[in-house]
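This report covers side-chain contacts and ring pairs. The sequence and structure come next.

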Amino acid sequence: MENLNIALIGCGMIGREHIERIQNRIRGAQIVAVCDVFEEGAKKGAEIAGAGTKVYTDFNEAINDPDVNAVVVTTPGQFHKGPVLAAIKAGKPVFSEKPLANTAADGKEIVEAEMAGGKHLVQVGFMRRYDRGYRQVKELIDSGKFGAPMVIKCTHRADGVADDYTTAMAVTDTAIHEIDVLPWLVNDEWDEVQCIMPKTNSKVKNALKDPQIMIMKTKGGIINMLEVNVNCGFGYDINCEVVCENGVVNLPCPSFPTVRYANEVSTKIEDNWILRFIDSYDVEIQDWVDHALKGETGGSSAWDGYVASITADALVKSQTSGVPEKVVTGGTPNFYKK
Ligand code: ISE
C-alpha cells in the first residue's frame with residue numbers, strides 16, 4: 001500500500017482529534033470516509049477531514065467502501081467490537097482506540113476472529129506505550145542499573161467526568177491505561193487484582209464510587225497501588241513511581257515553567273488527558289500507519305487488549321467482592337507471541 005485511505009468510525013471527541021491529527025500531522029495516511037450513528041456527528045467529522053470526505057452512518061458500509069483500505073475505531077468502548085470485527089472480515093488494518101472491548105467476552109471474539117483470519121490486523125490505542133516519559137522510565141528499568149522493580153505507585157487523577165461515568169468505568173475506561181502500560185513497563189503479567197473503596201468524595205452526586213484504590217500484583221511478585229480519582233479538584237495528574245532494589249524511577253511530569261509570583265512558587269498541571277498525551281497520540285498513530293503500510297501492527301495487539309479486558313473484568317468483580325480476584329488469561333497463543 002502506498003497510502004492509508006482511512007475510514008474513521010465514531011466522530012466523538014477523540015475521533016475528531018484523530019481526524020485533525022491524521023489530516024494535518026501524519027505522513028502516509030488520509031481520512032477518506034467518516035462514520036457516526038448520528039448523521040450530524042458524521043458531518044462534523046467530515047467538516048474537519050475536509051472537502052470530498054464521504055459521510056456514512058453505517059460502519060459496515062464505510063469499512064467496505066472500495067476506496068477504504070484501513071480503519072480507525074473511535075466509538076465508545078462498548079461499541080468497538082462491531083467495527084473491529086468488520087475490519088478483520090474485510091482484511092483491512094484497524095486501529096481501535098482503548099479499550100479493545102469493555103468485556104473479556106467481546107475481546108475474546110476479536111482475538112478469535114483475528115487468529116482465524118491468520119493475519120495481524122489489529123492495533124489497540126494504548127498511547128502511554130508511546131509516551132516519551134513512560135519510554136524513558138522503561139529504558140532505565142530495562143538497563144538493570146536500579147535492580148528489579150518491587151513496588152509501583154500510581155495516580156490517575158482527573159478534575160471531573162461526564163454524568164454517565166460509572167464506578168465500573170473507573171476500571172474499563174480509566175485504569176485500563178495502567179492495566180496495559182505497567183506490565184509492559186516492568187516486563188511482567190498481572191496475577192491478582194483487588195479494588196478497595198475509600199470514603200467517597202462528597203462532590204460526587206450520583207452512585208459513582210470515587211476515589212478507588214486498586215492493588216494489583218504481578219506473577220513476579222511486584223505490587224502496584226493505583227489511586228483512581230476523577231474528582232481530584234486540581235487538574236489531570238498522572239504519576240508513576242517504580243521502586244526498584246537500588247533506586248526509584250519516577251515518571252517525569254510534563255514540562256511547564258515554574259512561576260514565582262506574589263509570594264508563591266507554582267507550576268501548571270495539565271487540564272485534561274487529550275492535552276497531557278497529545279504528543280504520544282501523534283507518535284502512536286504515525287507508528288500504526290508506518291506498520292500498516294508494511295502489513296504489520298505495532299504497539300498493543302488484540303491479545304494485549306484482550307488481556308487488559310480480562311484484568312478489567314477481575315477488577316470490576318472486586319469492586320463488589322472487595323477481595324483479590326485472579327487474572328486468568330490461559331497463556332499467550334503462539335499467534336501473538338513476540
Ligand atoms: C479517557 O478515554 C482516556 O483515555 C484518558 O486517558 C483517561 O484518563 C480517561 O479517564 C478516559 O475517559
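Which backbone nitrogen does the side chain of Gln123 reach? The side chain of Gln123 reaches the backbone nitrogen of Gly298, at 2.9 Å.

## Basis of the values

This is a predicted model, in which local features need pLDDT of at least 70, side-chain atom pairs count only at pLDDT 80 or more, and totals for chains, interfaces and linings use all residues. Residues are numbered from 1 along each chain as its sequence is written, and side-chain values use heavy atoms, with hydrogens and water left out.

Gln123 belongs to strand β6 (residues 122-125); strands (E, at least two residues) and helices (H or I, at least four) are DSSP runs, numbered from the N terminus. Gln123 is buried, with a relative accessibility of 0%. Buried means under 20% relative accessible area, exposed over 50% and partly exposed in between, with a 1.4 Å probe and protein chains only.

The side chains of Gln123 and Tyr130 are joined by a polar contact of 3.1 Å. A polar contact is a pair of N or O atoms within 3.5 Å; within protein, one must be able to donate a hydrogen and the other to accept it, and residues adjacent in sequence count only if both atoms are side-chain atoms. Leaving out residues up to four places away in sequence, Gln123 touches several residues, including Val94, Phe95, Glu284, Trp288 and Gly298; contact means heavy atoms within 4.5 Å.

## Aromatic pairs

Searching the whole structure gives four aromatic pairs. Rings of Phe, Tyr and Trp (its six-membered ring) pair if their centres lie within 6.5 Å; planes under 30 degrees apart count as stacked, over 60 as edge-to-face and the rest as tilted. Trp303 and Tyr336 are stacked, at 6.1 Å centre to centre and 25° between the planes. Trp303 lies in helix α10 (residues 302-321) and Tyr336 in the segment after β15 (325-326), so this pair ties together parts 33 residues apart in sequence.

Trp303 is buried at 8% relative accessibility, and Tyr336 is buried at 7%. Tyr336 also pairs edge-to-face with Phe335, at 4.9 Å centre to centre and 85° between the planes. Phe335 is partly exposed, with a relative accessible area of 22%. Ring pairs link Trp303, Tyr306, Phe335 and Tyr336 into a cluster.
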